[in-house]
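Good morning, and thank you for coming. I would ask you to look at the model on the screen while I go through a few of its features.

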Amino acid sequence: MSFTVAIVGRPNVGKSTLFNRLVGKKLALVDDTPGVTRDRRPGDARLMGLTFTIIDTAGLEDADAESLQGRMRAQTEAAIDEADLSLFVVDAKSGLTPVDTDLAEMLRRRGKPVVLVANKSEARGSDSGFYDAYTLGLGEPTPISAEHGQGMLDLRDAIVAAIGEDRAYPANEDVAVTDVDIPQTEGGGSDEDEEPAYDETKPLRVAIVGRPNAGKSTLINRFLGEDRLLTGPEAGITRDSISVEWDWRGRTIKMFDTAGMRRKARVIEKLEKLSVADALRAIRFAETVVIVFDATIPFEKQDLQIVDLVLREGRAAVLAFNKWDMIEDRQAVLADLREKTDRLLPQARGIRAVPISGQTGWGLDKLMQSIIDTDKVWNKRISTARLNRWLETQQIQHPPPAVSGRRIKLKYMTQVKARPPAFMISCTRSDALPESYTRYLINGLRADFDMPSVPIRIHFRSPDNPFEGKKRRT
């Protein structure tokens with residue numbers, strides 16, 4: 001049985017840097033600005049043969065419970081209660097503050113094991129801050145440098161001593177490899193005429209994106225049934241892309257909350273640029289992306305750009321019109337939204353759009369069903385035989401154009417990959433085929449094979465001419 005460790009401390013002592021060091025990836029945003037981390041972020045840590053779950057938390061500050069800092073503190077206290085052990089990080093370079101003393105007292109009252117960590121101990125003049133840490137009454141501090149990786153062996157020994165060797169090194173633990181993507185390769189030995197069934201049991205990765213203050217974190221909290229993510233009336237609360245897992249009708253859903261994405265021209269501060277970059281990584285990692293619209297002010301220019309970005313990345317997309325509980329004339333607004341969806345998003349014809357309320361939970365089951373249905377289309381495979389019969393019919397109904405008096409011939413079609421569906425067509429003079437005919441084929445695929453809303457890619461390839469470049473005999 002593994003154990004859980006929470007990293008706690010006042011702002012800007014290096015908690016997120018230590019978190020990134022332990023998980024071996026730059027998952028958490030790091031900046032010199034205090035208070036970068038706001039939500040609690042879990043990760044899988046490895047430290048000198050030791051494996052455990054690590055939770056990065058917001059810096060603890062004394063603040064009113066209703067303020068943003070107060071809600072951040074509540075999230076951190078929830079992480080401490082959830083964890084088996086706390087790493088209390090202090091800044092050896094700048095020394096102790098009264099906030100450190102208050103936090104030490106709070107951790108002592110919790111009655112759980114605590115490892116005192118003196119970060120930035122490599123800095124000149126850090127000795128005084130290191131020895132001051134003894135006055136907190138939490139035992140001997142462990143000197144480390146999270147930035148440079150110094151003192152990790154001592155940190156491992158301190159964690160083992162605090163948690164116990166039985167918990168640190170459980171015997172006969174089975175190691176299972178899960179959530180591994182095996183890329184599809186052409187000619188992999190499977191029958192090309194088989195259309196594999198959709199795997200209803202595979203975990204599904206879903207990213208929630210949208211403009212600031214559209215209600216993304218509130219929506220995920222409603223799915224989970226708890227205040228797992230920090231929410232509030234302030235715009236731009238979420239900074240890191242936080243992943244949470246839960247079950248929906250027996251299927252594991254891994255959902256990513258992301259920072260609100262504003263227009264590029266308005267993103268000036270470095271921290272917001274890092275948050276947006278983190279959101280883009282979450283989109284690329286996800287399979288299905290839910291774009292949350294504010295139903296009271298839908299279809300802003302930024303909303304359309306986010307949808308276009310998701311489709312260009314090849315993700316399956318679902319629209320969620322949030323704050324539906326604030327709409328009065330729902331039938332009229334719904335009809336208007338459907339008309340605008342078809343008119344403003346022609347590149348996503350048939351995209352599923354669901355009105356919801358993250359505040360009350362209305363419409364969430366329908367949203368989840370739309371996510372599953374869209375993911376099925378995104379994973380869809382069509383046999384080569386069906387595709388070639390369809391291609392022949394399409395050419396009879398609307399033959400390819402003649403260019404310079406020569407007709408373009410589409411000879412053969414096959415699906416080269418799914419996620420998103422991509423097809424290859426062998427033809428003559430592929431460089432001369434107009435874009436309008438490609439759109440005709442894509443629209444036909446959507447209609448005839450029931451493939452709405454997902455991006456469809458078609459690649460044309462002309463066979464090599466064996467006589468090209470050879471001189472004619474005279």
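This is a predicted model: local features need pLDDT of at least 70, side-chain atom pairs count only at pLDDT 80 or more; totals for chains, interfaces and linings use all residues.

In what order do the six strands of the open sheet lie? The order is S8-S9-S7-S10-S11-S12, and the pairing is mixed. Residues are numbered from 1 along each chain as its sequence is written, and side-chain values use heavy atoms, with hydrogens and water left out.

Helices (H or I, at least four residues) and strands (E, at least two) are DSSP runs, numbered from the N terminus. Two strands pair if DSSP finds at least two bridges between them. At the edges of the sheet are strand S8 (242–248) and strand S12 (352–355), each of which pairs on one side only. From one strand to the next, the twist averages 25°.

Within this sheet, strand S7 (residues 204–210) and strand S9 (residues 251–257) run parallel and are joined by five bridges. Alanine 207 stands opposite phenylalanine 256 in S9. Helix H7 (residues 216–224) lies across S7, S8, S9 and strand S10 (288–294), and runs at about 155° to S9. Axes here are lines fitted to C-alpha atoms, for helices over the stretch in contact (heavy atoms within 4.5 Å); angles run from 0 to 180 degrees between N-to-C directions.

In the loop between S7 and H7 we find asparagine 213. This residue has a positive phi of about 65° although it is not a glycine. Asparagine 213 is partly exposed, with a relative accessible area of 36%; buried means under 20%, exposed over 50%, and partly exposed in between, with a 1.4 Å probe and protein chains only.

Aspartate 450 also has a positive phi, near 55°, and is a residue other than glycine. Its place is the loop between helix H13 (435–448) and strand S17 (457–461). With 55% relative accessibility, aspartate 450 counts as exposed.

Arginine 419 and proline 420 are joined by a cis peptide bond, with omega at about -5°.

Finally, I turn to a helix pair. The axes of helix H2 (residues 68–82) and helix H3 (residues 98–110) come within 11 Å and cross at roughly 40°. The contact involves Arg73, Glu77, Ile80 and Asp81 of H2, together with Leu103, Met106, Leu107 and Arg110 of H3.
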